[in-house]
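Take a moment with the model before reading on. Turn it slowly and look for strands, helices and charged side chains.

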Amino acid sequence: MKASSNTADVCPCYQAAIELIGKRWTGAILSALAEGPMRYASLARSIEGVSDRLLSCRLRELEREGLVERTVEPGTPVRVYYSLTPKAQELRPVFEQLGDWARRWVEVKAV
């Protein structure tokens with residue numbers, strides 16, 4: 001059976017974006033960094049339940065995608081900060097609207 005010509009195709013760019021920001025912990029990382037630059041330990045503390053391994057992995061992915069910037073300040077000890085790039089800053093209204101929607105419609109189940 002042939003698909004209807006009225007069927008809308010999903011935009012490949014949209015699909016790629018949803019898959020990128022929809023990965024587990026990615027939204028939480030971007031949301032935490034929306035408050036301003038953070039050191040790794042502070043970021044890890046702000047996201048309950050994320051493992052160090054997964055946080056490191058997601059931060060590297062977000063750096064590769066140009067959403068997170070890693071800044072190293074020399075000294076003893078070396079200080080590493082993570083912050084949102086301008087590209088990621090443009091997502092802030094999207095996350096704010098998603099948060100508003102979630103508070104109205106998503107029920108968090110107790111563990």
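What follows is a walk from the sheet to the helices, the salt bridges and the surface.

This is a predicted model, where local features need pLDDT of at least 70, side-chain atom pairs count only at pLDDT 80 or more, and totals for chains, interfaces and linings use all residues. Residues are numbered from 1 along each chain as its sequence is written, and side-chain values use heavy atoms, with hydrogens and water left out.

Start with the sheet. Helices (H or I, at least four residues) and strands (E, at least two) are DSSP runs, numbered from the N terminus. Two strands pair if DSSP finds at least two bridges between them. Here three strands form an open sheet in the order E1-E3-E2, and the pairing is antiparallel. E1 (38-39) and E2 stand at the edges with a single partner strand each, so one side of each has no neighbour in the sheet.

Now follow the pairs. Strand E2 covers residues 68-73 and strand E3 covers residues 79-84. Six bridges join them in the antiparallel sense. Within this pairing, Val72 has Val80 in E3 as its bridge partner. E1 and E3 also run antiparallel, joined by two bridges. Arg39 finds its bridge partner in E3 too: Tyr81.

How does the chain get from E2 to E3? The two strands form a hairpin, with five residues between them. Gly75 sits in the turn and has a positive phi of about 145°. Val78 is also in the loop between E2 and E3. Is Val78 buried, partly exposed or exposed? Buried means under 20% relative accessible area, exposed means over 50%, and partly exposed lies in between (1.4 Å probe, protein chains only). Val78 is partly exposed, because its relative accessibility is 47%. Contact means heavy atoms within 4.5 Å. Not counting residues up to four places away in sequence, Val78 touches Arg39, Val72 and Glu73.

Next, pick out Ser83 in strand E3. Ser83 counts as buried, at 13% relative accessibility. Which residues does Ser83 contact, leaving aside neighbours within four places in sequence? They are Leu33, Pro37, Leu67, Val68 and Glu69.

Helices come next. H4 lies across E2 and E3, and runs at about 105° to E2. Such angles run from 0 to 180 degrees between N-to-C directions; the axes are lines fitted to C-alpha atoms, for helices over the stretch in contact. H4 itself spans residues 52-64.

Look inside H4 at Arg58. Is Arg58 buried or exposed? Arg58 is buried, since its relative accessible area is 11%. Leaving aside neighbours within four places in sequence, Arg58 is in contact with Lys23, Arg24, Thr26 and Ile29.

Now turn to charge. Side chains of opposite charge can pair when their charged atoms come close. A salt bridge is a side-chain nitrogen of Lys or Arg within 4 Å of a carboxyl oxygen of Asp or Glu. How many salt bridges does the structure hold? There are three.

Begin with Glu61 and Lys23, whose side chains meet at 3.5 Å, N to O. Glu61 lies in helix H4 and Lys23 in the loop between helix H1 (12-21) and H2, so this pair ties together parts that are 38 residues apart in sequence. Glu61 is buried at 15% relative accessible area, whereas Lys23 is partly exposed at 37%.

Arg58 forms a salt bridge with Glu61 as well, with the closest N and O atoms 3.3 Å apart. Both residues are in helix H4, three residues apart, so about one helical turn separates them.

Another salt bridge joins Arg103 and Asp100, at 2.8 Å, N to O. These two residues are three apart in helix H6, so about one helical turn separates them. Arg103 is exposed at 63% relative accessibility, while Asp100 is partly exposed at 37%.

Leu98, Trp101, Trp105, Val106 and Val108 make a nonpolar patch of about 600 Å². Patches are made of residues with over 30% relative accessible area and no salt bridge: like charges are joined within 9 Å, nonpolar side chains (Val, Leu, Ile, Met, Phe, Trp, Tyr) within 5 Å. Accessible areas come from the Shrake-Rupley method with a 1.4 Å probe; for residues, only the protein chains shown count as cover. Val106 lies in the segment after helix H6 (92-105). Val106 counts as partly exposed, at 43% relative accessibility.
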